[in-house]
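Hi,

Here is the structure I promised to pass on. Have a look, and then read on for what turned up.

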Amino acid sequence: MASTSVCPRCEQSPETPLHLLQDCYHSWLIWDSTNSLPEDFFQLDLDPWNKLIFEVQRIPPLTITQQASKLALETEIAFEAKATLALKTPRWVSWTLPPQDFLKLNTDGSHDDNLGNAAARGLLRDQCGHWHHGFPMNVGITTSFLAKLWGCREGLKLTISLGVQQLILEIDSLLAIQLIQSQKSKVFQLQIPPDFFSSQFRNLGISRIMAAIAVQHLAQSITCHAWSPDHSMIAFCPNNNEVHISKLMQEKWEKVHVLQKHDQIVSGIDWSAKSNQIVTVSHDRNSYVWNQEGTEWVPTLVILRLNRAALCVQWSPKENKFAVGSGAKTVCICYYEQENNWWVSKLIRKKHDSSVTSVAWHPNNIFLATTSTDGKCRVFSTFIKGVDTRESNSGTPDSKFGEQIIQLDLSFSWAFGVKWSPSGNTLAYVGHNSMIYFVDDVGPSPLAQNVVLRNLPLRDVLFVSEKMVIGVGFDCNPMVFAAGETGIWSFIRCLGERKIASSPSKQGSQFSEAFGKLYGQSKHGLSNDTVEPSGGQGVIHENCINCIMPLKEGEGTRVMRFSTSGLDGKVAIWDLENQEDLSNYL
Amino acid sequence: MARVEGFVEADNAEAIITRIEHKSRKIESLLKQYKPVEALKTALEGSPPMTRDERCKSANWIVVHRALMAIKDVEGMFASLDPEYYDILMKYLYRGLSTGDRPTCEQCLRIHEKLTERAGLGCILRCLADTVNTV
């Protein structure tokens with residue numbers, strides 16, 4: 001029983017049989033679709049109307065029923081489409097600070113019901129996230145999509161009138177972005193010249209999709225991690241003497257192995273891509289090489305001959321050697337001796353003045369770069385007779401084992417995280433004084449550049465291509481650096497969300513809290529008000545990131561995906577595929 | 001970044017003092033012409049005396065302090081001060097804060113706030129880690 005007599009479909013007149021069959025808007029739609037109606041069709045009473053339909057036979061009843069069922073089917077499909085739409089995996093879209101000297105414009109539009117009153121709004125913020133300008137506008141009656149475009153247009157008009165030179169525009173409609181980029185949109189022809197997007201703004205980046213595609217909380221804290229050759233398994237150290245191997249099974253990470261042999265914290269793990277061997281080093285001064293035999297991982301002890309903790313490890317590109325950096329101011333180069341069935345460790349001594357924090361192999365399998373807490377970055381030759389052949393050593397005449405090729409004195413504080421570019425032409429490493437160093441033409445006359453960071457220092461770096469580097473560290477947010485056409489390296493932007501300033505539960509914010517006290521809490525809303533309401537979800541790492549690993553697909557030198565792990569116990573996988581503004585450098 | 005070959009010997013102290021006196025005169029004349037930002041730039045330029053000699057360091061600080069205190073419009077100063085001065089300015093601000101003198105501290109905190117907004121925490125870290133410039 002209905003509570004009122006009003007037609008539930010159009011809610012406009014009483015629901016009489018005549019209304020239901022003839023006058024209601026929805027019925028009228030069906031009748032109107034047949035072209036051969038008499039003029040007085042909608043004025044007739046029920047009886048003559050019935051006669052007209054069923055006796056005069058001017059309208060074939062079949063057409064009407066077909067029409068009705070077609071409409072019903074359309075409705076059903078529309079609803080189904082809506083249901084599948086909702087099942088799509090959500091993407092995180094969040095607001096990040098624009099790079100230095102950029103302004104960021106966010107606009108959006110919306111409307112009441114279908115074809116109701118629409119409005120658009122926009123917000124222009126500077127590199128600190130401070131409000132610069134804003135506007136609301138009434139669009140009239142239109143759809144959401146057009147309202148979004150109107151918002152864009154109004155926002156761009158505003159930025160032109162302000163004389164803004166470098167802008168990032170953010171909107172949440174991919175269609176609108178494509179329309180703007182194609183420069184064919186009529187909306188934009190009104191006031192803006194056709195070549196506007198190439199001339200007016202020197203740099204118009206449109207970013208919208210968060211780069212992190214998966215985040216997994218695996219432990220309380222993670223010291224390091226490494227991936228199996230096919231990326232199906234991850235080995236990580238949960239800040240103790242064990243190494244856990246987890247496998248992705250039905251969208252969940254399941255622990256499949258625990259490697260227990262070390263006595264103290266495991267400080268380095270590397271998993272060789274071709275030979276499927278895992279090497280681990282620990283503060284207990286030892287190293288193990290793990291081989292998979294059946295379902296078990298069998299360890300082989302490597303005596304490093306160290307008197308201090310081992311800090312880092314990496315397999316050489318050919319996987320016949322691995323290098324270990326240590327707190328004993330020493331680097332160990334380990335190789336396998338077939339006849340003795342034994343891993344031998346050769347030491348590079350008396351070259352470092354302090355702990356070796358990171359090691360990186362040159363693609364030629366001979367050169368090894370190291371960083372140390374004496375602030376220096378050094379490159380050594382690791383040629384070992386019987387393991388390396390002179391042919392593979394071409395271009396590096398007669399460099400003996402342990403010979404220092406170059407010493408870089410760029411940093412005056414601790415140096416961390418050294419890496420070679422895929423070709424081996426460029427070297428990047430970071431200093432604990434919030435600097436990152438890039439060295440081209442490593443050899444007798446190197447070309448050094450340094451880039452000053454705005455935020456806290458980095459711990460590790462990764463070359464994703466010849467021209468692009470990702471840095472991770474104490475700022476909890478991966479930073480992108482790239483070399484322009486002139487070869488000058490510069491900071492591009494952060495990949496993730498800025499961390500929220502005032503949330504006492506989070507460890508990473510202690511520093512900001514102290515700052516808030518220094519200047520009065522209210523003033524330090526610096527990054528607080530820039531985070532979207534759902535911002536808490538957008539924070540990927542909540543503590544220092546200390547490890548970044550590439551997820552290489554195939555033989556190419558480009559790395560589109562990589563993973564980061566940190567002291568917050570999370571492992572995040574990042575994808576650069578949809579970062580339009582970065583694709584130039586990849 | 002150039003490698004600094006040790007610190008200047010103590011017997012060079014007289015030469016350094018002469019240089020600082022020269023700089024001081026230049027700053028005074030700039031201040032008379034109402035160019036406080038130019039004066040500050042002069043004070044920051046080549047200012048680290050590269051010596052552990054306390055007499056030189058305090059003579060230099062007096063000059064920089066004079067230029068710092070002359071800044072009235074902090075926002076205006078940053079509009080014309082290039083980013084390469086930020087790190088060394090931060091270092092002098094901490095020197096100023098360490099004096100404990102009330103007007104100096106107030107002025108330094110005022111600039112510190114704006115400088116941190118502009119140059120970020122990285123700037124503070126660099127000035128903490130800096131072992132080359134003695135101020």
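Which side chains meet in a salt bridge at 3.6 Å, N to O? Those of Glu75(B) and Lys114(B), where a salt bridge is a side-chain nitrogen of Lys or Arg within 4 Å of a carboxyl oxygen of Asp or Glu. Glu75(B) sits in helix H4 and Lys114(B) in helix H6 of chain B, 39 residues apart (helices, H or I, of at least four residues and strands, E, of at least two are DSSP runs, numbered from the N terminus). Glu75(B) is partly exposed at 42% relative accessible area (buried is under 20%, exposed over 50%, partly exposed in between, with a 1.4 Å probe and protein chains only).

Before you go further: this is a predicted model, with local features needing pLDDT of at least 70 and side-chain atom pairs pLDDT 80 or more, while totals for chains, interfaces and linings use all residues. Residues count from 1 along each chain as written, chains are lettered from A and ligands numbered from 1 in written order, and side-chain values use heavy atoms, without hydrogens or water.

Over all chains there are 15 salt bridges. In chain A, Lys321(A) and Asp388(A) pair at 2.7 Å, N to O. Lys321(A) is in strand E16 and Asp388(A) in the loop between E21 and E22, so this pair ties together parts 67 residues apart in sequence. Lys321(A) is buried at 0% relative accessibility, and Asp388(A) is buried at 5%.

Strand E21 also holds Val379(A), which is buried at 1%. Ile405(A) is 26 residues away in sequence, yet 5.4 Å away in space, C-alpha to C-alpha.

Cheers
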